[in-house]
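Please take a moment with the sequence and the model below before reading on. The paragraphs after it begin with the whole chain and then turn to single places within it.

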Amino acid sequence: MSHQPGLLRTSRFAPLFVTQFLGALNDNVLKNAMVVLLTFQAASWTTIAPELLANLAAGVFILPFFLFSATAGQLADKYDKAALARLVKLLEIAIVLVCGAGFWLHSLAVLFAGLFLLGLHSTLFGPVKYAILPQHLKSEELVGGNALIEAGTFVAILLGTLLGGLLACAGDGTARITAVGLAIASAGYLAARAIPVAVPPAPSLAINPNPLTETWRNIGFAREKPAVFLSIMGISWFWLFGALFLAQFPAYTKNVLGGSETAVTLLLATFTFGIGIGSLLCEKLSARRVELGLVPLGSIGLTVFAFDLALASPATPAAGLGALGLMPLASTWRVLADLLLIGTFGGFFIVPLYALVQQRSNPEHGARIIAANNIMNALFMVVGALAAAGMLAAGLSIPMLFAVAAVCNAAVALFIYGLVPEFLLRFIVWMLIHLVYRLRVREFDAIPENGPALIVCNHVSFVDALVIMAACKRPIRFVMGHRIFRWPLLKFAFRTSRAIPIAPAKEDPAMMEQAFAEVGRALDAGDLVGIFPEGKITADGEISPFRSGMSRILARNPVPVVPLALRGLWGSFFSRKNGPAMTRPFPRGVFSKIELVMGAAIPAAEATPERTQAVVAGMRGDCV
C-alpha cells in the first residue's frame, strides 16, 4: 500500500510539503511576472533589450546558488531545520516587499535585487527541505516523501509560471503581484510554524564563511561515497536536461509547431504533469524502497522519447494556432505523448537518486551534501544553457538540439553505470521481478537494518539469489557455486553484487578455503552473507539436507541466522523440473506468482543445520 496519501496527513511531512510547495509557487509567480513585465514593458523601465533582460534575470536568480549554497548547508547541519524554515519564510515576506517596491518605483535595480533575494531564499531552503526528510520519515517512506516533494515542486513551478503571467498581464498588475506574493509568503510562514523540530546533527560545527573553500569541502563530503557523488551528478544532469527542454518551449511552439502562447502552456503543462506522474509512481514501482533499478529505466525513457520528439517535430509549422487549434493535428499528439513520457521517465530517474543521496550520506554532513548538490545543479544548468545557446547560434534547429540532448543523455548514463554497476544490477533484478514474475514478500522485517547476519534459503532455481536481492533493502553477498558464478547471463549480476564463488573440497580445496575466509571477512565487516545450505539446486522440488558449511561459518562468526523460503519457482523457466533448466521458455507463462517468506532470526548457538532446515521447510509448506 502506498504511503503517499498517509504522509500528507501527518505532522511529520504535511507542513514541510505545504511550505516547500508555497515557496516554489511564490518564486515562480514573482520571477515570471517580472520577466513578462520586462519583456513587454521594457521601454518604460530601461533601454536594455528584452532578450538580454531575460537572460540577465536568469543569471541573477541563479547566482546565489553559487555564492551561498555552502553556507546554507552548514546552517542546516548546525541548527534546527524547522527553525531555519521559519526564518527563511520570514525572509520571503521581506523579499516580496522589496519586489513590490521595485514594481512601484519602476526600478530595474530594485527588481533585480528582489530577484537575487528570491534566489537566496531558494538557496537557503534547499538543504533544509531535503536534509530534513531522513530525520522525519521512516526508511520505507523516503521514496514516497521524495516523490511528493518532486511532484509538488514541478506542479508549483507550472502554477506559479501561469499565475505570474496572468497577473503581469492584468490591469494594475504590479499591485496584484505584490498582494498575491505576500499572501503566499504569509501562508508559507504559517505552514513552516507547524514543522516538527529537527535536531541538528552537528550543533558544534564552526561556520566557514569562505564559499569557495566550503564548497570544495562539501563536494569532498559527497565524494566520500562514489554512489552518492555520482547520484548528485545524475541529478544535476537531469536539471540540465529538463531546463534545456523548458527553455526551448516558447521558440519550439512558435517556430516548429506554429502555435501561439496558449500552446506553450499546453506543452509546459504536459511536461510537468509527466514528471508528477513519474515521481508518484516511483513508490509503487519500487515497493517503498530506494530502488536504483528505476534509474536506468528512467534514462532509457529519457533517451528514447527525447529522440522521438526530434523525429516527431513537424517539418512545416502551422499558422499561429492556439492550443485547441493544434489538437486535431496528429503530429501534436505525438509531440505531447513524447513530452509526457519524457517527464514520466524523468520522475523515475530523479526520485531514487534524491532518496539515495539522503539515505547513504553521512548524517552529520547531510545538509552540506545537499548544498553541494544544489551547487552542481546550478553549474550544470548554466553550462547547459550556454551550450544550447551556442549550438542554436551555430544554426542547429531546436528538434536537432533535442536529438543531441538524447544522445548526450545516453552517453552520460553509460558513463555513470560503468562507474557504479550497482545501478545496472538493480535494473536487471527489477526487470526480472516485474516482467517475468509477480513477487510477494511476507514478513520481511527480520533482516537487521545494520550489522552482520547469515541469510539461508532453499535452492529452487538459478535466479533465487536475484529474487532475494530484489526483496531485500540491504545488499547481500551470496556464496555461489563457481560454475553458476561464471555463467554469461548471470556473471555480471554476481560479480557486481560481490558474490563469493565456492567449489567442493574434492574439486578445488583451495577455492573452498578461500570462500570461507571471504565469508568471515564479509561478516566481520558487518555485511549480510547469503547461502543455500543444500549446496545444489533441487532436481525434484524437495529440500535436500542442509550441509555443515553453515556450522563452520557460525563457529567463526556467531551471527544471527535469518531463514527464508521461496515458493512458486519450482516449474519455472529457471528450475530443473522435467529436465535441464532454461530449455522451455516460460512454461508457466509470464507474471507467474512467486513468494518469499521470512522467519524470525535464529541465534547462532541454536542454528544447527537440522533445525534451520526444519524452519525453512515449515515456511515453504507444500507450495514449491
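What follows is a walk through this predicted model, from the overall fold to individual residues.

Seen as a whole, the protein chain contains 23 helices and seven strands. Its radius of gyration is 28 Å, close to the 25 Å that the globule rule gives for 624 residues, so the protein chain is as compact as a globular protein of that length. Taken along the principal axes, the box that its C-alpha atoms fill is roughly 90 × 60 × 40 Å. Of the 624 residues in the protein chain, 55% are buried, and among the contacts with a separation of 6 or more, 82% are between residues 24 or more positions apart.

The protein chain exposes about 25,800 Å², of which 67% is supplied by carbon and sulfur atoms. There are 47 positive and 35 negative side chains in the protein chain, and the centres of these two sets lie 3 Å apart.

Buried means under 20% relative accessible area, and Thr 215 counts as buried because its relative accessibility is 13%. When its neighbours within four places in sequence are left aside, Thr 215 is in contact with Ala 70 and Ile 375. The next residue, Asn 373, has its place in helix α15, which covers residues 366-393. With a relative accessibility of 1%, Asn 373 also counts as buried, and, again leaving aside neighbours within four places in sequence, Asn 373 is in contact with Ile 232, Ile 235, Ser 236 and Tyr 354.

Which residues of α21 are buried? They are Met 511, Met 512, Ala 515, Phe 516, Val 519, Gly 520, Ala 522 and Leu 523. Just after α21, Gly 526 takes a positive phi of about 85°.

His 106, with phi near 55°, is found in the loop between α4 (81-105) and α5 (108-131). The relative accessible area of His 106 is 38%, and this residue is therefore partly exposed. Arg 498, with phi near 60°, has its place in the loop between α20 (488-496) and β4 (500-502), and at 47% relative accessibility Arg 498 likewise counts as partly exposed.

The last stop is another loop, the one between α12 (294-312) and α13 (323-326), where Ala 315 is found. Is Ala 315 buried or exposed? Ala 315 is exposed, because its relative accessible area is 83% and exposed means over 50%. Although Ala 315 and Leu 257 are 58 residues apart in sequence, their C-alpha atoms are 8.7 Å apart in space.

Definitions and conventions: Residues numbered from 1 in each chain as written. Predicted model: local features only at pLDDT ≥ 70, side-chain atom pairs only at ≥ 80, totals over all residues. Heavy atoms only, no water. Helix = DSSP H or I, 4+ residues; strand = E, 2+ residues; numbered from the N terminus. Rg over C-alpha atoms; globule rule 2.2 N^0.38 Å. Buried < 20%, exposed > 50% of the residue type's maximum accessible area, 1.4 Å probe, protein only. Contact = heavy atoms within 4.5 Å. Areas by Shrake-Rupley, 256 points an atom, 1.4 Å probe, with all protein chains shown as cover. Lys, Arg positive; Asp, Glu negative; His and termini not counted. Charge placed at Lys NZ, Arg CZ, Asp CG, Glu CD.
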